[in-house]
Amino acid sequence: MAEFLGSARGRLLAVFDSADAAATAAAAIGDLGVAEDRIEAFTGDEGAAAFDGSGRSHGLFGRLYRAIQFTLVDQAPDFAYYEAAARQDRVVLSVRPGGEKQMRAVVDVVRRNGGHFINYFGAWATEEFERWHGPEPDLPGFMRR
């Protein structure tokens with residue numbers, strides 16, 4: 001099972017509809033000076049398990065953690081979208097940029113390469129750069145943005 005991504009703090013997450021587009025974006029992000037170990041791709045059931053929007057796949061702790069997070073943190077519904085994207089064989093790219101300037105450059109690269117549902121999870125708030133493109137995943141109404 002994938003490592004549980006408890007929080008997205010300090011990460012920029014984006015959805016790509018093809019593995020080729022995600023790989024091209026990841027290479028261009030590396031060219032910006034982002035270290036390879038700060039770029040991760042999540043796809044398929046294994047990638048979806050890292051997001052585990054309900055916490056169900058990670059037992060009682062996971063469920064409690066997500067329940068508390070849902071009431072206190074604005075990123076909880078986003079995890080359900082990223083989990084669904086990975087299950088749909090899309091690629092969720094995670095980048096931990098080194099500061100504001102690099103983060104904004106990463107956003108530009110991601111957009112140019114077809115990324116959508118682009119969000120940066122800062123210390124105190126989530127910054128949305130691009131909404132979901134196309135039909136949204138089938139999620140419960142309370143998980144929609």
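The structure is a predicted model, in which local features need pLDDT of at least 70 and side-chain atom pairs count only at pLDDT 80 or more, while totals for chains, interfaces and linings use all residues. Residues are numbered from 1 along each chain as its sequence is written, and side-chain values use heavy atoms, with hydrogens and water left out.

Helix α5 comprises 13 residues and spans 19 Å from its first C-alpha to its last, close to the 18 Å expected at 1.5 Å a residue (the expected span being 1.5 Å times one less than the number of residues). The buried residues of α5 are Q102, M103, V106, V107, V109 and V110. These residues lie on the same side of α5, because they cover an arc of only 165 degrees around the axis, the arc being that of the directions from the helix axis to the C-beta atoms. The cover over the buried residues of α5 includes β1, α1, β3, β4 (116-121) and β5 (126-130). Just after α5, G114 adopts a positive phi of about 90 degrees.

Within α5 (residues 100-112), R104 and E100 are 4 residues apart, about one turn of the helix. Their side chains form a salt bridge with an N to O distance of 2.6 Å (a salt bridge being a side-chain nitrogen of Lys or Arg within 4 Å of a carboxyl oxygen of Asp or Glu). R104 is partly exposed, with a relative accessible area of 36%, and E100 is also partly exposed, at 45%.

A search of the whole structure identifies 8 salt bridges. One of these pairs D17 with R90, the closest N and O atoms being 2.9 Å apart. D17 lies in the loop between β1 (11-16) and α1 (19-31), and R90 in the loop between α4 (76-87) and β3 (91-95), so the pair ties together parts that are 73 residues apart in sequence. D17 is partly exposed, at a relative accessible area of 46%, whereas R90 is buried, at 16%.

A further salt bridge joins the side chains of R87 and D45 at 3.1 Å, N to O. This pair links distant parts of the chain, with R87 in helix α4 and D45 in helix α2 (residues 44-51), 42 residues apart. R87 has a relative accessible area of 40% and is partly exposed, while D45 is exposed, at 57%. D45, E83 and R87 are linked in a network of salt bridges.

At the level of the whole chain, 5 helices and 5 strands are present (DSSP runs numbered from the N terminus, with H or I over at least four residues for helices and E over at least two for strands). Along the sequence these elements follow the pattern β-α-β-α-α-α-β-α-β-β. Of the 145 residues in the protein chain, 47% are buried. Among contacts (heavy atoms within 4.5 Å) between residues at least 6 apart in sequence, 76% join residues at least 24 apart. The accessible surface of the protein chain amounts to about 7400 Å², of which 53% belongs to carbon and sulfur atoms; accessible areas come from the Shrake-Rupley method with a 1.4 Å probe, and for residues only the protein chains shown count as cover.

How values were computed:
Buried < 20%, exposed > 50% of the residue type's maximum accessible area, 1.4 Å probe, protein only.
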